[in-house]
Amino acid sequence: TQAHNAVVAAGQLDLVAENGSVGEAGFPIHIESDSSNAVNVNSDAGVYLSADADLYVGQLVASDGPVEVTTAGDLTSGASDAKIEGTNITLQVVNGSIGTQLEPLTIYTQVSQLESGTVTDGLLTAAAADGVFVVQPEGDLRLLSVTTSSPLGVVSITTQGGSITDGNASDVFNLNQLTRQEAEELIEQIKNVQQNTADLTVTAFEASVDQKYLQYWTLLPAN
């Protein structure tokens with residue numbers, strides 16, 4: 001998946017990356033597949049795909065990373081258990097719709113809560129020419145941006161076991177605008193700074209005590 005503009009052409013397509021991603025951010029794997037067959041992709045770190053035609057979804061799953069899909073045609077369910085699952089999901093359809101009114105596309109975003117209480121990830125970004133029809137069976141869904149370019153475009157978003165919230169709303173430290181990994185790394189850096197500051201404070205206090213103790217003995221009259 002390191003080659004830029006890599007193309008995979010097949011009648012039936014199943015891609016698995018057990019320890020890594022399929023495609024890269026900015027360099028998706030370009031799919032040329034028989035549109036009547038569902039595309040299945042499973043990865044550990046992320047899924048990045050593009051297609052110049054309709055794309056039928058089987059299961060596009062990133063266990064610990066985002067899923068980003070761009071198609072020139074419709075992006076619809078191609079199997080009874082079709083789903084798109086990732087920490088954050090980005091879908092773009094140039095000509096057509098994402099899902100249909102009769103069969104909305106099933107998605108699973110993955111919201112994370114840090115020890116600070118900050119909620120990260122779980123973001124949906126979707127853009128289509130005609131319509132966006134998605135359903136999330138469980139968990140909260142944070143919307144970053146969902147748009148249609150047609151004046152008659154329809155957006156239908158359903159969550160069956162959670163809330164729909166504004167993913168653009170920032171917490172007091174703006175941590176929820178970061179990915180979980182970025183936020184965790186920042187929190188760890190803050191902890192290290194606080195620990196170093198505390199260590200320096202203790203060291204300075206001990207030095208002050210030692211100095212005052214020395215002054216005390218210096219001022220005592222000699223016997």
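**Strand pairing**

I began with strand β11, residues 89-93, in this predicted model. I found β11 paired with strand β16, which covers residues 123-128. The two run in the parallel sense, and five bridges join them. I then looked for the residue of β16 that faces T90, and T125 stands opposite T90.

Next I followed β16 to its pairing with strand β18, residues 141-148. This pairing is also in the parallel sense, over six bridges. I picked L123 and asked which residue of β18 is its bridge partner. The partner of L123 is R142.

**Charged pairs**

How many salt bridges does the count come to? I got one salt bridge. The side chains of K83 and E85 form a salt bridge, with 3.1 Å from N to O. Side chains of opposite charge can pair when their charged atoms come close.

**The nonpolar core**

I turned to the largest nonpolar core, which holds 32 residues. L60, I84 and I98 touch the most other members. Strand β7, residues 55-62, gives this core its largest share, four residues. In soluble globular proteins, nonpolar side chains tend to be buried together.

Last, I listed what I98 touches, leaving out residues up to four places away in sequence. I noted L75, L91, V93 and L105 among the contacts of I98. A126, A127 and A128 are also on the list for I98. G131, V132, F133 and V134 touch I98 too.

Conventions: Residues are numbered from 1 along each chain as its sequence is written. This is a predicted model: local features need pLDDT of at least 70, side-chain atom pairs count only at pLDDT 80 or more; totals for chains, interfaces and linings use all residues. Side-chain values use heavy atoms; hydrogens and water are left out. Two strands pair if DSSP finds at least two bridges between them. A salt bridge is a side-chain nitrogen of Lys or Arg within 4 Å of a carboxyl oxygen of Asp or Glu. A nonpolar core is a set of buried Ala, Val, Leu, Ile, Met, Phe, Trp, Tyr and Cys residues joined through side-chain atoms within 4.5 Å. Buried means under 20% relative accessible area, exposed over 50%, partly exposed in between (1.4 Å probe, protein chains only). Contact means heavy atoms within 4.5 Å.
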